[in-house]
Amino acid sequence: MGRSRLLGGAAAAALLFAPGAVLAQDANAALEARIAQLEAELNSLKSEVAAARTQQTAQAQDIIRLETRPAAPAPTPVSTAPREEGFRIGDHTVKFGGFIKVDASASSYSGGDPANGDLLRDYHLPGSIPVGGAEEDAAMDFNARQTRFWLTTDGLVGGHKVGTRLEMDFQSLPGTGDQRITSASTPALRRAFVTIDNWLIGQEWTNFQNTAVLPESADFVGAAEGTVFARQVQVRYTRGPFSIAVENPETTVTPFGGGTRVIADDNSLPDLTARYAISRPWGDLQFAGLLRQLKYENPASAIDDTAVGWGLSASTKIKVGAQDDIRLMVTGGEGIGRYVGLNFSNDAVLDASGQLDAIGVLAGFAAYRHVWTPGWRSSLIWSAQKVDNDVLLTGTGANRSAQSIHANLIWSPVTAFDLGAELMFADRKLESGLDGDMTRLILFAKYGF
């Protein structure tokens with residue numbers, strides 16, 4: 001088109017300068033024709049540009065629509081635990097939850113059956129295994145006392161993070177009825193505390209204990225002999241991996257020569273606990289320490305004495321493969337009996353002059369948890385405790401040692417619903433040489449909400 005325009009322009013110029021009127025008129029006519037042609041071509045170019053701009057605008061609008069279109073929601077992972085949903089009350093989010101658990105157990109005791117209503121019939125209590133009696137046939141018990149419920153709040157008040165927890169169950173206290181009619185159980189306080197930033201005030205698991213390594217068991221405690229286990233009122237401060245607490249004191253005493261346990265209730269100083277936690281890709285490790293006053297005062301017998309108790313504990317959960325783990329705890333010290341093994345040993349014993357002598361304890365457990373397939377898992381647990389008694393002071397009726405072995409299989413067919421079976425064997429030995437054992441099969445169903 002450019003070449004034709006040049007040729008056309010040259011021809012028009014030649015006609016314009018040719019001599020004669022005819023030639024001039026012809027040149028003017030050719031020029032006007034050429035101008036008309038150029039105007040037509042210009043209008044055509046304008047149309048093409050406008051069409052191109054319209055197309056670009058449409059494409060830009062399409063891109064904007066695509067970019068602002070809501071993204072497809074990400075797939076929601078399948079939950080294996082109850083979903084915790086709350087509601088707002090003022091500045092706080094309130095949540096309620098818990099679980100229903102039903103147990104059926106068949107137990108055989110070599111040293112005689114415990115009485116109806118004894119807590120040993122509901123869960124493994126190492127210091128209550130009968131010794132010296134006659135063996136009877138297996139006894140069967142059904143109960144729902146491990147059923148639990150809790151209420152929590154979390155909020156931001158005046159720039160401070162504030163939370164509370166109230167938790168109760170029916171396991172800790174004997175029932176108000178019996179198995180003949182209602183099998184009633186008494187609700188008992190488990191945990192009740194408030195947290196303000198780094199502070200915790202109220203009843204909670206002792207800071208000397210690591211609840212994260214407790215093995216999964218059908219029993220209420222599981223590795224009862226070898227674990228630190230106590231809930232009590234305390235004031236705790238936590239900063240990062242370190243926590244320190246002053247906790248409710250209590251001293252349990254064996255009378256001189258043996259006899260019924262004395263719960264002194266005479267302490268004038270709180271127990272002091274400290275804990276340090278380490279978290280690594282391979283698992284978790286915790287160290288804990290306990291320092292306490294042991295005290296017993298009885299004006300009627302002119303007894304007024306104090307002693308020092310101390311304890312150290314180390315615990316860990318080690319990952320094995322993608323889902324399995326090993327859980328370990330070892331605890332030792334003097335004057336810590338009520339903290340270990342559900343008070344299997346007392347804290348101290350009185351000597352002939354009425355002075356307190358702290359009793360040494362060494363305890364621990366080992367557990368391996370294996371996931372067979374999604375929804376199926378097992379734990380193998382061994383737990384033990386050895387007491388260092390001065391038999392001249394405690395007598396031969398004092399507990400010397402206890403141990404237990406547990407093996408279970410648990411199935412979760414749907415979220416938060418567990419069905420399981422556990423076989424356990426436990427024994428208890430006295431300083432006199434008497435011993436007794438318990439074999440128990442537990443079947444259970446549990447649903448969390």
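**Figure 1. Lining of the second largest cavity in the predicted model.** Strand 13 gives the largest share of the lining of the second largest cavity, three residues. The structure shown here and in the following views is a predicted model. The volume of the second largest cavity is about 40 Å³. Strand 13 (283-298) and strand 14 (303-320) are the elements that give two or more residues to the lining of the second largest cavity. Phe208, Gln209, Asn210, Arg275, Gln286, Phe287, Ala288, Ser313, Ser315 and Met329 line the second largest cavity. By class, this lining divides into four nonpolar residues, five polar residues and one charged residue.

**Figure 2. Lining of the largest cavity.** Two cavities of 30 Å³ or more are present in the structure, and the largest cavity has a volume of about 50 Å³. The residues that line the largest cavity are Asp103, Ser105, Arg121, Asp122, Asn143, Gln146, Ala218, Asp219, Phe220, Arg440 and Ile442. Two or more of the lining residues come from each of strand 2 (92-109) and strand 22. Five charged residues, three polar residues and three nonpolar residues make up the lining of the largest cavity.

**Figure 3. The second largest pocket.** This pocket has a volume of about 790 Å³. Its lining comprises 22 residues, and those nearest the centre of the pocket are Phe229, Ala230, Arg231, Arg338 and Leu342. The elements contributing two or more residues to the lining are strand 6 (188-196) and strand 8 (231-239). Of the lining residues, 11 are nonpolar, six are polar and five are charged.

**Figure 4. Surroundings of arginine 292.** Arginine 292 is located in strand 13. Because its relative accessibility is 3%, arginine 292 counts as buried. A polar atom of the arginine 292 side chain lies 2.3 Å from the backbone oxygen of glutamate 250. The side chain of arginine 292 is also joined to that of aspartate 347 by a polar contact of 3.2 Å. Beyond residues up to four places away in sequence, arginine 292 touches Glu250, Thr251, Asp271, Ala307, Val308, Gly309, Gly335, Ile336, Arg338, Tyr339 and Asp347. Tryptophan 310 is 18 residues from arginine 292 in sequence, and the C-alpha atoms of the two residues are 6.2 Å apart in space.

**Figure 5. Aspartate 271 and its polar contact with arginine 338.** Aspartate 271 belongs to strand 12 (residues 271-280). The relative accessible area of aspartate 271 is 0%, so the residue is buried. Its side chain makes a polar contact of 3.2 Å with the side chain of arginine 338. Apart from neighbours within four places in sequence, the residues in contact with aspartate 271 are Ala245, Val246, Glu247, Asn248, Pro249, Leu290, Leu291, Arg292, Gln293, Arg338 and Tyr339.

Figure 6. Serine 345 counts as buried because its relative accessibility is 4%. The contacts of serine 345, other than with neighbours within four places in sequence, are with Gly337, Arg338, Ile359, Val361, Gln385 and Val387. One of these contact residues, Arg338, makes the side-chain polar contact with aspartate 271.

Figure 7. Leucine 120 touches Tyr109, Pro114, Leu125, Ser128, Ile129, Pro130, Met438 and Arg440, with residues up to four places away in sequence not counted. In soluble globular proteins, nonpolar side chains tend to be buried together.

Key: Residues are numbered from 1 along each chain as its sequence is written. This is a predicted model: local features need pLDDT of at least 70, side-chain atom pairs count only at pLDDT 80 or more; totals for chains, interfaces and linings use all residues. Side-chain values use heavy atoms; hydrogens and water are left out. Buried means under 20% relative accessible area, exposed over 50%, partly exposed in between (1.4 Å probe, protein chains only). Contact means heavy atoms within 4.5 Å. Helices (H or I, at least four residues) and strands (E, at least two) are DSSP runs, numbered from the N terminus. A polar contact is a pair of N or O atoms within 3.5 Å; within protein, one must be able to donate a hydrogen and the other to accept it, and residues adjacent in sequence count only if both atoms are side-chain atoms. On a 1 Å grid over the protein atoms alone, a cavity is a set of points where a 1.4 Å probe fits but cannot get out, and a pocket is an open set with protein on both sides within 12 Å along at least five of seven lines; lining residues have an atom within 4 Å of a point. Grid points are joined across faces, edges and corners, and a volume is the space filled by probe spheres set on the points. Ala, Val, Leu, Ile, Met, Phe, Trp, Tyr, Cys and Pro count as nonpolar, Asp, Glu, Lys and Arg as charged, and the others, Gly among them, as polar.
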